[in-house]
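User: I am new to this structure and would like to learn how to read its features one at a time. Could you guide me through them?

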Amino acid sequence: MAREARGVILAAPGEPAVMEPITLDPPGPDEVLVHVEASGVCHTDLHVKRSGGWGLPFPILLGHEGAGHVEEVGRGVTDVAPGDAVVIAWRAPCGKCDACRRGDPRRCSAHLRAGWRAHRASDGATLAPTLRTGTFTDRTIVHAAQAVKMPPEISPEKACLLACGVSTGFGAATTTTPVRPGSTVAVVGCGGVGLSVVAGAKVAGADRIIAVDIAPQKLEWARHFGATDTVDASASDPVEAVRDLTGGVGVHFSFEATGRPEPVEQIVRMLHHAGTATMVGVQGAGARATIDLGDPATGAFENKITLTVSHGGDSLPQYDFPVMARHYLEGRLDLDFMVTKVIGLDDVEAAFDDMQAGRVIRSVIRMDGA
Ligand SMILES: [Zn+2]
Ligand SMILES: [Zn+2]
């Protein structure tokens, strides 16, 4: 049986993302073929393009924020069956690495993956799947542990957001650095991930959430997700503004969701004594930040701060994604508002433009053509 599909491919460095026919091998042992129905377009897909493949060999199958249903299962798969609605996770702890063996699978460094089963139809070239998934396609093959069952009430175009952007931000504020009820929070960078940090901080019970961005539209979106205050970083210094808003003492928790170094310096300096700063955005090779250590008010040593890194929200998808789905279904996490645009598989380059211009929280591809 020929397994045919369409996929969005980066053929070589510097080339645009183009939709092409693809073929798939049968799923191997412990693998599943997922009929992808929707996929969010994430900043990391653009990062793969801009960074010359982000370590992957070309040609590359883009996309890593997909949802759909299981179509076929390989030998030994018992946890999911054809017809099950699933979100595809790019994290699936291996159980064997140092972190897994010491009982901390949220810090796994060797996630489970399927073999590379997709090929370009024109020449048979094997496609490297982005983040072990490859979801800008109507069919993809992943490890069964990456297929996370979803309640049928959540549609694929909302469920797919849990796979990366939402779980990354929400998880940063609830898992990596659990925000305490009644605390103060600042979030620098209010794209899809930063807005999800705001949403997570709200669900966690933060008293004040200060959103920082240079785009007025994003600050407005942040208020929708629970920000109590906003700072336009193009008009004032974000560190001073956050300190002013907190009576000079700074916030208990600060998050950076920009992937740029300068905001990392800022989230350290805007902290309350003994506060925690969390980096969420993916930093490029060569990125460097300078952290003041000794300033009596804001220095990292003097102020006894913790600076930490969230890896995609440090989520355990099989446990956390259904919890987040419940937050959505019970009205605490507004995934509907996150989907600014529904597009088709051949609109990926236009979606990258929209993302860079800050016109969308998320563009979501619907494989049936929107
Ligand atoms: Zn592991
Ligand atoms: Zn992503």
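**Reading the features**

Analyst: We can begin with threonine 174, whose place is in helix 4 (residues 165-176), where helices (H or I, at least four residues) and strands (E, at least two) are DSSP runs numbered from the N terminus. This is a predicted model, in which local features need pLDDT of at least 70 and side-chain atom pairs count only at pLDDT 80 or more, while totals for chains, interfaces and linings use all residues. Residues are numbered from 1 along each chain as its sequence is written, chains are lettered from A and ligands numbered from 1 in the order in which they are written, and side-chain values use heavy atoms, with hydrogens and water left out.

User: Is threonine 174 buried, partly exposed or exposed?

Analyst: Buried means under 20% relative accessible area, exposed over 50%, and partly exposed in between (1.4 Å probe, protein chains only). Threonine 174 has a relative accessible area of 27%, so it is partly exposed.

User: Which protein donors does the zinc ion (ligand 2) have?

Analyst: Donors are N, O and S atoms within 2.8 Å of the metal (3.2 Å for Na, K and Ca), and sites may look incomplete because water is not among the atoms. Here they are Cys42 (SG), His64 (NE2) and Cys164 (SG), lying 2.0 to 2.2 Å from the zinc ion. Cysteine 42 is buried at 4% relative accessible area, and histidine 64 is buried at 0%.

User: How many disulfides are found in the whole structure?

Analyst: A disulfide is a pair of cysteine sulfur atoms within 2.5 Å, and a search of the whole structure finds 0. For cysteine 160, the nearest cysteine sulfur, that of cysteine 164, is 11 Å away.
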